[in-house]
Amino acid sequence: MSERFTGNFTQQEPIPEEGIAAAVEAMRHGRLHRYNLAPGEAGEVALLEEEFAAFTGARYCLAVASGGYAMATALRAVGVRPGDAVLSNAFTLAPVPGAIASLGARPIHVGVTEALTIDLDDLAAKADRARVLLLSHMRGHIADMDRLMAICDAAGVTVIEDCAHTMGAAWRGVPSGRHGAVGCYSTQTYKHMNSGEGGLIVTDDAELAARMILFSGSYMLYARHRAAPPPEAFDRLKWETPNVSGRMDNLRAAILRPQLRGLRARCAAWTERYRVVEEGLRGTPGLSLVERPAEEAFVGSSFQFLLLDWPAEAIAGLVARCARRGVELKWFGEAEPRGFTSRYDSWRYAPSEPMPATDRVLAGLLDMRLPLTFSLEDCAQVARIIRAEVQAAAQGHQAAE
Ligand SMILES: *Cc1c(COP(=O)(O)O)cnc(C)c1O
């Protein structure tokens with residue numbers, strides 16, 4: 001009898017008791033809107049912003065309604081207008097091109113390498129086609145940020161970072177989200193902190209910060225922010241910046257503040273799980289691991305591997321057999337967008353030139369979540385099942401050739 005995994009790939013940890021208590025308190029006093037404050041009260045949202053700014057080392061921070069809203073707001077703030085082209089990753093999730101499209105702008109997809117990071121040669125070749133790059137650190141894989149910033153600086157391209165999968169990660173000691181002009185994070189349930197929905201934005205640029213606060217719906221109450229530039233920074237901007245409401249509320253911030261205090265430990269726990277799966281799969285014939293560079297301090301909240309050049313039917317069969325043994329793999333090579341997986345060629349509102357090297361990587365790319373509710377033994381078992389099934393499938397499709 002072959003072993004079967006019984007864990008749940010979508011079950012996150014509960015909210016810490018401290019966060020539950022803070023949320024109950026906010027509900028008891030009823031001041032849920034971020035600007036609804038008692039005399040002398042800072043409010044949970046303003047405190048969260050201050051604490052997250054300190055966590056990333058940024059001067060300014062703004063909490064918003066979602067990660068998608070964070071990206072759209074950053075794009076608006078750097079001046080993206082309808083019809084503009086914005087460079088972005090071909091390998092990412094739908095909210096990223098969606099944020100670009102929400103402004104009436106047009107994504108230009110940049111390819112992905114076998115390291116699952118943005119193809120810097122392709123980026124260099126396309127850098128003269130747009131003024132802005134919305135860079136997605138998809139699934140926590142961080143490109144060589146030194147080279148990436150050199151390419152973008154030389155071409156006059158402003159970088160906005162999508163750090164939905166890199167909250168708590170760093171490249172050469174610099175926190176993810178702190179290389180470009182603006183860093184955007186999500187606090188949606190499947191990310192590194194969980195408030196159901198939510199987003200955070202960081203920047204060191206006072207004018208961008210002031211604009212984003214006004215966009216988010218500050219009703220001219222920006223003086224109630226703490227991780228914000230001084231009121232003078234808003235003098236001119238308040239007349240010309242439309243209100244596109246997307247604030248975070250005190251209830252979500254109350255849940256997030258204790259999670260932020262525990263974030264370092266949770267990131268380490270994710271990466272410990274990642275390493276167990278990686279060791280369990282190392283040396284499996286036909287399966288390529290994505291080797292992590294020494295410069296990258298990553299958070300292993302999900303795991304990817306490649307079955308390069310496998311026939312599509314063999315991968316589909318493997319996914320089905322792993323599913324029967326309780327291991328949920330997402331396949332980026334599937335023709336139809338399904339679950340959270342979709343590809344640049346699924347976003348038909350943003351047509352692309354063909355990218356064969358990228359297509360080859362996506363065709364062989366498998367992905368799974370590693371929730372913290374998995375024990376290290378769970379992770380070892382998941383790896384054993386995948387390894388056994390990959391071995392069986394590789395023998396099968398070699399025999400068929
Ligand atoms: C989740 C996610 C976002 C944004 O998330 P929201 O659901 O809008 O909070 C952005 N980029 C990537 C890669 C994501 O996975």
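**Ligand site and buried segments of a predicted model**

Colleague: At what distance does a polar side-chain atom of Lys191 lie from an oxygen atom of the ligand?

Modeller: The model is predicted, and local features need pLDDT of at least 70, side-chain atom pairs count only at pLDDT 80 or more, while totals for chains, interfaces and linings use all residues. Residues are numbered from 1 along each chain as its sequence is written, and side-chain values use heavy atoms, with hydrogens and water left out. The pair is a polar contact (N or O atoms within 3.5 Å; within protein, one must be able to donate a hydrogen and the other to accept it, and residues adjacent in sequence count only if both atoms are side-chain atoms). For Lys191 and the ligand oxygen, the distance is 2.9 Å.

Colleague: How much of the ligand's accessible area does the protein cover?

Modeller: Accessible areas come from the Shrake-Rupley method with a 1.4 Å probe, and for residues only the protein chains shown count as cover. On its own the ligand has 380 Å² of accessible area, and the protein covers 91%.

Colleague: How many residues surround the ligand?

Modeller: Gly68, Asp162, His165, Ser186 and Lys191 are the closest. A backbone N or O atom of Gly68 is 2.7 Å from a ligand oxygen, and an N or O atom in the His165 side chain is also listed at 2.7 Å from an oxygen atom of the ligand. The number of surrounding residues is 17.

Colleague: What does UniProt list Lys191 for as a modified residue?

Modeller: UniProt positions are given in the numbering used here, feature names are shortened, and annotations may be inferred rather than shown by experiment. The unreviewed entry places the feature "active site" at Lys191. For the modified residue at Lys191, the unreviewed entry gives N6-(pyridoxal phosphate)lysine.

Colleague: Is Lys191 buried or exposed?

Modeller: Lys191 sits in the loop between strand E8 (182-186) and strand E9 (199-203); helices (H or I, at least four residues) and strands (E, at least two) are DSSP runs, numbered from the N terminus. Contact means heavy atoms within 4.5 Å, and beyond its neighbours within four places in sequence, Lys191 is in contact with Gln12, Ala164, His165, Ser186 and Trp270. The cut-offs are under 20% relative accessible area for buried, over 50% for exposed and partly exposed in between (1.4 Å probe, protein chains only). At 13%, Lys191 is therefore buried.

Colleague: What is the relative accessible area of Trp171?

Modeller: Trp171 belongs to strand E6 (residues 170-171). Its C-alpha atom is 8.4 Å from that of Ala143, 28 residues away along the chain. Trp171 is buried, and its relative accessible area is 4%.

Colleague: Why do the buried residues of H4 line one face of the helix?

Modeller: In helix H4 (residues 95-102), the buried residues are Val96, Pro97, Ala99 and Ile100. They line one face because, seen down the axis of H4, they fall within an arc of 150°. The arc is that of the directions from the helix axis to the C-beta atoms, and the value that puts these residues on one face is 150°.

Colleague: Which residues of H12 are exposed on the other side of the helix?

Modeller: Helix H12 (residues 356-363) has Thr358, Val361 and Leu362 as its buried residues. These cover an arc of only 95° around the axis, so they are on the same side of H12. They pack against strands E12 (302-306), E13 (330-331) and E14 (365-369). The exposed residues on the other side are Pro356 and Ala357.

Colleague: Near what value is the phi of Leu116?

Modeller: Most residues other than glycine have a negative phi. Leu116 is in the loop between E3 and helix H5 (120-126) and is buried, with a relative accessible area of 3%. Its phi is positive, near 65°.

Notes
Near = heavy atom within 4 Å.
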